[in-house]
Amino acid sequence: MSTYESKTDAKDLFVGSDLSERYAKYRPKLPVQHVKTIVELLGRRPEVWLDVGCGPGTSTQQIIGHADKIVGIDVSETQVAVANKTTIHPSLSFAQGSGEKLPAEDCSVDVITAVQAAHYFDLPAFFKEVDRVLKPGGIVGLASINTPKCLDSTSMNTASSTCIKNVIAQYGLPDKVKLLEDNYKNLEVPYPTR
């Protein structure tokens, strides 16, 4: 097992419509400024943008208006069902799939993002797929959103951090906890960073 492989399949972590609907309420969103920065770095309006590990589509919604075609991809059937139910836009669709087997043709995608999801991927397999589907000059953006902090409650912050670590660790993902805690600073990416 490599550093980035886990004993548990990520699709087993977010099942059930109740959980998916609650997750839709509380999942962190990708700031719109990040979306604008990605478009600026690309230097043109993206034709196709994949948001991998999209969950209920919370961050995928932030991309509306910035690409011609947006596809949110998640391994969880219930997450995709919630995304399809809560977000309707002509440029946006959601599909069940994984970062390790992206549902896209070779050299067909301008931008690939994964918000608060890359720590669940088998990263070598994900990057192999990125190499396959990304157009030359395309952009890959992996974002980890900081856990919100209570300004006046150290005990609440500790409890929140401990809860996240314990939930991820119980699925045999301790190396993933470290990636998330570090906001992906130590994530090994086989591409030049900007």
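Let's start with the sheet: five strands form an open sheet in the order β3-β2-β1-β4-β5, and the pairing is parallel. The edge strands are β3 (92-96) and β5 (134-143), each of which pairs on one side only. On average, neighbouring strands of this sheet are turned by 20° against each other, direction ignored.

Keep in mind that this is a predicted model, where local features need pLDDT of at least 70, side-chain atom pairs count only at pLDDT 80 or more, and totals for chains, interfaces and linings use all residues. Residues are numbered from 1 along each chain as its sequence is written, and side-chain values use heavy atoms, with hydrogens and water left out.

**A few terms for the sheet**

- Helices (H or I, at least four residues) and strands (E, at least two) are DSSP runs, numbered from the N terminus.
- Two strands pair if DSSP finds at least two bridges between them.
- For angles, axes are lines fitted to C-alpha atoms (for helices, over the stretch in contact), and the values run from 0 to 180 degrees between N-to-C directions.

**How the strands pair up**

- Strand β1 (residues 48-52) pairs with strand β4 (residues 109-115) in the parallel sense, over three bridges. Here D51 stands opposite T113 in β4.
- β1 and β2 also run parallel, and five bridges join them. In β2, the residue opposite W49 is I70.
- Five bridges also link β2 and β3, again in the parallel sense. V71 faces S93 in β3.
- Going from β2 through α3 to β3, the chain makes a β-α-β crossover that is right-handed. That label applies if, with the strands pointing away from the viewer, the path from the first strand over the helix to the second runs clockwise.
- What about β2 itself, and why is it largely enclosed by the rest of the structure? Five of its six residues are buried. Buried means under 20% relative accessible area, exposed over 50%, and partly exposed in between (1.4 Å probe, protein chains only).

- Touching, or contact, means heavy atoms within 4.5 Å.
- Helix α4 (residues 123-133) lies across β1, β4 and β5, and runs at about 145° to β5.

**The whole chain**

- The protein chain has six helices and five strands, and from the N terminus on they run α-α-β-β-α-β-β-α-β-α-α.
- Of its 194 residues, 45% count as buried.
- Take the contacts in the chain with a separation of 6 or more: residues 24 or more positions apart account for 68% of them.
- The chain exposes about 10,300 Å², and carbon and sulfur atoms supply 54% of that. These areas come from the Shrake-Rupley method with a 1.4 Å probe; for residues, only the protein chains shown count as cover.

**Aromatic rings**

- A pair of aromatic rings is described by the distance of the centres and the angle of the planes. Rings of Phe, Tyr and Trp (its six-membered ring) pair if their centres lie within 6.5 Å; planes under 30 degrees apart count as stacked, over 60 as edge-to-face, and the rest as tilted.
- The structure holds three aromatic pairs. One of them is F121 with F126: the ring centres are 4.8 Å apart and the planes sit at 40°, so the pair is tilted.
- F126 also pairs with F127, and this pair is tilted too, at 5.4 Å centre to centre and 55° between the planes.
- Ring pairs link F121, F126, F127 and Y191 into a cluster.
- Are these Phe residues buried or exposed? F126 is buried, with a relative accessible area of 0%, while F121 counts as buried at 7% and F127 does so at 7%.

**Loop residues worth a look**

- K29 lies in the loop between α1 (17-26) and α2 (32-42) and is partly exposed, at 47% relative accessible area.
- Leaving out residues up to four places away in sequence, K29 touches T58, S59, Q62 and I145.
- K29 and Q61 are 32 residues apart in sequence, yet 8.8 Å apart in space, C-alpha to C-alpha.
- C107, in the loop between β3 and β4, has a positive phi of about 50° although it is not a glycine.
- Q116, found in the loop between β4 and α4, has a positive phi of about 55° and is not a glycine either.
- C107 is partly exposed, with a relative accessible area of 45%, whereas Q116 counts as buried at 12% relative accessibility.
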